[in-house]
Amino acid sequence: MIEINGEVKKIMELIESSGYEVYLVGGFVRDSIIERENKDYDLCTNMPFDEMKKIIPEMKVMRENAHRNTCVFRRNGEDIEISAFRGNNLKDDLLCRDFTINSIALNSKGEIVDLVGGQKDIEKKVIRLSDKSGNSLRVDPLRILRAVRFAGVLGYEIDDETYKHMVNKKDLLNDVAPERIYVELSKILLCDRPGDLIRKYKEVVCEVIPELKPLIGFEQNNPFHMYDVFDHTMAVLNN
């Protein structure tokens, strides 16, 4: 059982009392399992937004499109985000999310609902796509960099099949808005030993920092430096 914030729990029970399903998902659930603090409350539900507005009048719609319908509201100092199920049910929604560790749900009683093996991957410290086909990277290519960021922040390894999909689809990053790339890169650079992280996953990171490519294998011809320019740069970055 995981303890749920009082205001969040009230909203969940309010939606359920109207005859609909609602679950806490995403980072809060993941971090609660690994005992990290997280106040990022994301709910998913099959309750229509027009009905939800009647029971939560302060709710504001953030976006409504083919990919995701999301609204947000503030209750007693807490920001709570609610998204409509992507698909017909909870399992469809979880399979549309990025990684298994972020695709674990929590019901209003604080009970874990794990339909994609997220808990097992947390135990193994593995980053794995929820959608094993890799098509979710086409929906949001930024997930390629998010995988690298999560590996650095959590100290996890990226699953081999997941990384193959990332490498095969890395060119999709060129279609992502630069400001979104910037945010992920900034978080990667703030990880412990970011040089090691970039070195390990250089095949995808070099897609958004192409200036790194010529450094790989470029020898320095200096007896005091045993690294090529790329490895030397990553060592400096670590320090």
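Predicted model: local features only at pLDDT ≥ 70, side-chain atom pairs only at ≥ 80, totals over all residues.
Where is the place of Lys-125?

**View 1. Lys-125 and Glu-35 are two residues with a positive phi that are not glycines.** Lys-125 lies in the loop between helix H5 (118-124) and strand E8 (126-127). Its phi is near 60°. With a relative accessibility of 46%, Lys-125 counts as partly exposed, because values between 20% and 50% fall in that class. Glu-35 belongs to the loop between helix H2 (27-33) and E2, and its phi is about 60°. Glu-35 is exposed, since its relative accessible area is 75%.

**View 2. Strand E1 (residues 22-25) has buried side chains pointing both ways.** Val-22 and Leu-24 point one way, whereas Tyr-23 and Val-25 point the other way. This arrangement can be read against a general rule: in a regular strand, side chains alternate between the two faces of the sheet. E1 is joined to strand E2 (residues 41-45) by four bridges, and the two strands run antiparallel. Across this pairing, Val-22 stands opposite Thr-45, and Tyr-23 stands opposite Cys-44.

**View 3. Strand E2 is covered on both faces.** Five of the five residues of E2 are buried. Tyr-41, Leu-43 and Thr-45 lie on one side, and Asp-42 and Cys-44 lie on the other. E2 is also joined to strand E5 (residues 78-84), through five bridges, and these two strands run parallel. Here Cys-44 stands opposite Ser-83 of E5.

**View 4. Ser-108 is a buried residue in a loop.** The loop that holds Ser-108 runs between strand E6 (105-106) and strand E7 (112-113). The relative accessible area of Ser-108 is 7%, so the residue counts as buried; the cut-off for this class is under 20%. Leaving aside residues up to four places away in sequence, Ser-108 touches Ile-4, Lys-9, Met-12, Glu-13 and Glu-16. With one of these, Glu-16, the side chain of Ser-108 makes a polar contact of 2.8 Å.

**View 5. Phe-99 and Phe-150 form one of three aromatic pairs in the structure.** The ring centres of Phe-99 and Phe-150 are 6.0 Å apart and the ring planes meet at 80°, so the pair is edge-to-face. The pair links distant parts of the chain, as the two residues are 51 residues apart: Phe-99 is in the loop between helix H4 (90-96) and E6, and Phe-150 is in helix H7 (residues 143-154). Both residues are buried. The ring of Phe-150 has a further neighbour, for the charged end of Arg-149 sits over this ring, 4.7 Å from its centre.

**View 6. Helix H7 is largely enclosed by the rest of the structure.** Nine of the twelve residues of H7 are buried; among them are Ile-144, Leu-145, Val-148, Phe-150 and Leu-154. Arg-143 and Arg-149 are also buried. Just after H7, Gly-155 takes a positive phi of about 75°.

How values were computed:
Residues numbered from 1 in each chain as written. Heavy atoms only, no water. Buried < 20%, exposed > 50% of the residue type's maximum accessible area, 1.4 Å probe, protein only. Polar contact = N/O pair within 3.5 Å; in protein donor to acceptor, adjacent residues only side chain to side chain. Contact = heavy atoms within 4.5 Å. Phe/Tyr/Trp six-rings, centres within 6.5 Å; stacked < 30°, edge-to-face > 60°. Lys NZ or Arg CZ within 6 Å of the ring centre and 35° of its normal. Pairing = 2+ DSSP bridges.
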